[in-house]
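User: I have a structure open and a few things to ask about it. Can we go through them one by one?
Analyst: Go ahead.

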Amino acid sequence: MKIKIRTTGFRLFLPIPLFMIGFAIRMIPNQVFEEMRRNTPDPYRTLITKENFRLVAGGCLEILKQNKGLEIVNVQASDGTFVSVQL
């Protein structure tokens, strides 16, 4: 994934490898999942687990790889600010 942000006087290019998705999920503390469970309706609380998030991310990873290069965000403001997110 590539994130590009340009404004007058500021330019940022941030490449994010797709394999880091699983790593990022593993680094989320269990307290975050507990908080999400508290804010979720009763029949769905059991689905909010770190393991389920990793399974969903693994399934999405293949789709993201198939659509590599797809631009999902492209915003250009009148003041010259530009934001782009590509897979």
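User: Leaving aside neighbours within four places in sequence, what is Asn52 in contact with?
Analyst: Asn52 is in contact with Thr46 and Leu47, once those sequence neighbours are left out. Bear in mind that this is a predicted model.

User: Which helix is Asn52 in?
Analyst: Helix 3, which covers residues 50-66.

User: And why does Asn52 count as partly exposed?
Analyst: Because its relative accessibility is 26%, and partly exposed covers the range between under 20% (buried) and over 50% (exposed).

User: Stepping back, how many helices and strands are there in the protein?
Analyst: Three helices and four strands. Along the sequence, the pattern reads β-β-α-α-α-β-β.

User: OK, strands. How many bridges join strand 1 to strand 2?
Analyst: Six, with strand 1 (residues 2-7) and strand 2 (residues 10-15) running antiparallel.

User: What do strand 1 and strand 2 form, and how many residues are between them?
Analyst: They form a hairpin, with two residues between the strands. Gly9 sits in that turn and has a positive phi of about 90 degrees.

User: What about strand 1 and strand 4, parallel or antiparallel?
Analyst: Antiparallel, over five bridges, with strand 4 spanning residues 82-86. For a residue pair, take Lys4: its bridge partner in strand 4 is Ser84.

User: Change of topic: what is the radius of gyration of the protein?
Analyst: The protein has 17 Å, whereas a compact globule of 87 residues would have a value near 12 Å. Taken along the principal axes, the C-alpha atoms fill a box of roughly 45 × 30 × 20 Å.

User: What share of the residues is buried?
Analyst: Buried residues make up 16% of the 87.

User: And the accessible surface, what does that come to?
Analyst: About 6700 Å², and 61% of that belongs to carbon and sulfur atoms.

User: Of the contacts between residues at least 6 apart in sequence, what share joins residues at least 24 apart?
Analyst: That share is 37% in this protein.

User: Last one, charges. How many positive and negative side chains are there?
Analyst: There are 12 positive and 7 negative side chains. The centres of the two sets lie 9 Å apart.

Terms used:
Residues numbered from 1 in each chain as written. Predicted model: local features only at pLDDT ≥ 70, side-chain atom pairs only at ≥ 80, totals over all residues. Heavy atoms only, no water. Buried < 20%, exposed > 50% of the residue type's maximum accessible area, 1.4 Å probe, protein only. Contact = heavy atoms within 4.5 Å. Rg over C-alpha atoms; globule rule 2.2 N^0.38 Å. Areas by Shrake-Rupley, 256 points an atom, 1.4 Å probe, with all protein chains shown as cover. Lys, Arg positive; Asp, Glu negative; His and termini not counted. Charge placed at Lys NZ, Arg CZ, Asp CG, Glu CD. Pairing = 2+ DSSP bridges.
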